[in-house]
Amino acid sequence: MAAGLIGKKVGMTQFFKEDGKLLPVTVIQAGPCYVIQKKEIEKDGYNAIQVGFERKEKKTKKSETGHFKAAGAGVFKKLKEFRLNESEIANYELGSEINVSIFQAGEKVKVTGFTKGRGFSGVVKRWSFGGGRKTHGSKFHRRTGSIGQCVSPGKIFKGKKMPGRYGNERVTLKNLEIVKVIPSDNAIVVKGAVPGATGGIVYIKK
Amino acid sequence: MVKPIIQKLESQQKRIDHYYVKPGDKIEVHSRIIEGEKQRIQVFKGDVIAIKNGLNNNRTTITVRKSSGGFGVEKIFPLHSPMVEKIQLVNRGKVRRAKLYYQRLRKGNAAKIKPKNIW
């Protein structure tokens, strides 16, 4: 396990590989993150480092400044812990910077984000039901349809696919290939799509 | 709005050597073709009838049309692809439109685009 980064989805574009292949890619502005706190097994019950992303300059609360004081790297908007081994924690110093240089082009990463919230959605959008005919006298367009039988079983089974809140869900994508690392812009370019809207927070882990 | 990081990434991929291509131009596109392990260059000569997807990114494509044995053949090339080895200008065309789709309705001599006189 290695530490990851907190990032922001910048948007999607396309990228030509040298062999001529055209890839759909997502640009993520990742880090720089700063080590805010080290959690140790004796004290906290587990080993981890807590990193911060995006400095907060205005309206910092007293409790916040207190928490960030030991690291001395400023107050941050986003915090995230990465679980590490005891030996690995020793490599990180309080207040030190973690940036995109921990990644290399060609590596596979996990990217976690929150999908776009779609509100209260019907079954066609939420569960990809087929729906009915739009014309030819049909009165069944995007409705749910039958949700069960009669006296036996006499109930609706749990987990039945029905309308409801859709999206705004934590999703992790594994094995996303890093196409390019841009240290000057603190950005990484990964192949394919990443959960969430443009400007949304994503976590990148090895 | 295009983000500066994306703009930078796209402009790095752009090939400035292809910028002169305009609708109506007669051009030769030399594209690399990989067959198994071998590589060869294929030349496609025709008129540029459309440039699509804008010029300020790496997504620009050109549609090149030629007549081959009485049949019209169109090929779409990603302008900034590394598979396009080079593009040679044969002559500029005298056209009034950005998209020359009317060429698809024309045959024979009528389908010829008049070359532009460059003094």
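On the side of chain B, 40% of the area buried against chain A comes from B:I5, B:L9 and B:Q13, more than from any other three residues.

Before I go on, the basis. This is a predicted model, in which local features need pLDDT of at least 70 and side-chain atom pairs count only at pLDDT 80 or more, while totals for chains, interfaces and linings use all residues. Residues are numbered from 1 along each chain as its sequence is written, chains are lettered from A and ligands numbered from 1 in the order in which they are written, and side-chain values use heavy atoms, with hydrogens and water left out.

Back to the interface. Chain B brings 16 residues to the contact and chain A brings 20 residues, where contact means heavy atoms within 4.5 Å. The rule finds one salt bridge across the interface, that is, a side-chain nitrogen of Lys or Arg within 4 Å of a carboxyl oxygen of Asp or Glu. A:D185 and B:K8 form a salt bridge, with their closest N and O atoms 3.2 Å apart. Helix α1 of chain B, residues 4-13, gives the most to the side that touches chain A, with seven residues. Helices are DSSP runs of H or I with at least four residues, strands are runs of E with at least two, and both are numbered from the N terminus.

Next, a residue in chain B. B:T60 lies in the loop between β2 (38-52) and β3 (61-68). Is B:T60 buried or exposed? B:T60 is buried, at a relative accessible area of 0%; buried means under 20%, exposed over 50%, and partly exposed in between, with a 1.4 Å probe and protein chains only. The B:T60 side chain reaches the backbone oxygen of B:G54 at 2.8 Å. Beyond four places in sequence, the contacts of B:T60 include B:I51, B:L55, B:F77 and B:H80.

Last, a sheet in chain A. Four strands form an open, antiparallel sheet in the order β5-β4-β3-β6; two strands pair if DSSP finds at least two bridges between them. At the edges are β5 (76-83) and β6 (97-98), each pairing on one side only. Strand β3 (residues 33-39) pairs with β6 over two bridges in the antiparallel sense. A:C33 has A:I98 of β6 as its bridge partner.

Definitions and conventions. Polar contact = N/O pair within 3.5 Å; in protein donor to acceptor, adjacent residues only side chain to side chain. Buried area = accessible area lost by both parts, 1.4 Å probe.
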